[in-house]
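Good morning, and thank you for joining.

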Amino acid sequence: MQKFFFISFLFFTLCLLQAQTVSENWVPVSIEKDRSLFINVSGLSSFSGAEFFVWSLQELISPMNMEGVKGNIYKVRTYYHINREINRYSIIQIIFYDEKDNVLKQYSYEHKSDKPEFRFNYPIILNSDVDKILTKCLEYMSPSIEKK
């Protein structure tokens with residue numbers, strides 16, 4: 001019986017320590033009167049190639065409504081796959097939240113092609129949110145490839 005409690009305690013302690021090592025570090029990208037945009041910079045420094053992944057968080061002052069999403073949207077988290085060499089990106093996942101941080105709806109997208117033009121669906125337009133996200137990401141990443 002003591003062995004069971006010891007193993008349970010050890011397992012609980014290891015799980016707790018592991019949970020504490022996973023952290024998010026949200027930094028502001030832009031703060032405007034009607035919304036704020038942040039990115040999670042945790043792990044960005046480990047990316048050194050052309051492609052990388054990053055989470056963004058958009059907090060809205062006034063709620064937004066969208067067809068297919070029941071309820072008022074106050075936050076939107078988006079997982080981007082960005083190629084800074086060709087200046088294009090794709091969206092991997094979007095999660096919509098209500099005012100109490102409950103998930104209202106989420107969408108996931110797959111991009112299985114080997115061709116960059118099909119994996120990265122959208123161009124990064126100057127002064128767009130993704131352009132601002134890329135610029136902020138570059139502050140935390142290896143400078144081996146510069147933004148075009």
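Let me start with Arg77, which touches Glu24, Trp26, Trp55, Ser56, Leu57, Gln93, Ile94, Ile95 and Tyr97, leaving aside residues up to four places away in sequence; contact here means heavy atoms within 4.5 Å. Before going further, this is a predicted model, in which local features need pLDDT of at least 70 and side-chain atom pairs count only at pLDDT 80 or more, while totals for chains, interfaces and linings use all residues. Residues are numbered from 1 along each chain as its sequence is written, and side-chain values use heavy atoms, with hydrogens and water left out.

Arg77 belongs to strand 4, residues 69-83. Helices (H or I, at least four residues) and strands (E, at least two) are DSSP runs, numbered from the N terminus. Is Arg77 buried or exposed? Arg77 is buried, at a relative accessible area of 17%. The cut-offs are under 20% relative accessible area for buried, over 50% for exposed, and in between for partly exposed, with a 1.4 Å probe and protein chains only.

I turn now to helix 3, residues 129-138, where Val130, Asp131, Ile133, Leu134, Lys136 and Cys137 are buried. What covers these buried residues includes strand 1 (26-31), strand 2 (35-40), strand 3 (51-66), strand 4 and strand 5 (88-97).

Next, the charge pairs. How many salt bridges does a search of the whole structure find? It finds 8, a salt bridge being a side-chain nitrogen of Lys or Arg within 4 Å of a carboxyl oxygen of Asp or Glu.

One of them joins the side chains of Asp129 and Arg35, at 2.9 Å from N to O. Asp129 lies in helix 3 and Arg35 in strand 2, so this pair ties together parts 94 residues apart in sequence. Asp129 is partly exposed, at 22% relative accessible area, whereas Arg35 counts as buried at 15%.

Lys75 takes part in a salt bridge with Glu59, with 3.8 Å between the closest N and O atoms. Since Lys75 is in strand 4 and Glu59 in strand 3, the pair links parts that are 16 residues apart in sequence. Lys75 is partly exposed at 21% relative accessibility, and Glu59 is partly exposed at 28%.

Lys75 also meets Asp101 in a salt bridge, at 2.9 Å from N to O. Finally, salt bridges that share partners join Glu32, Arg35, Asp129 and Lys132 into one network.
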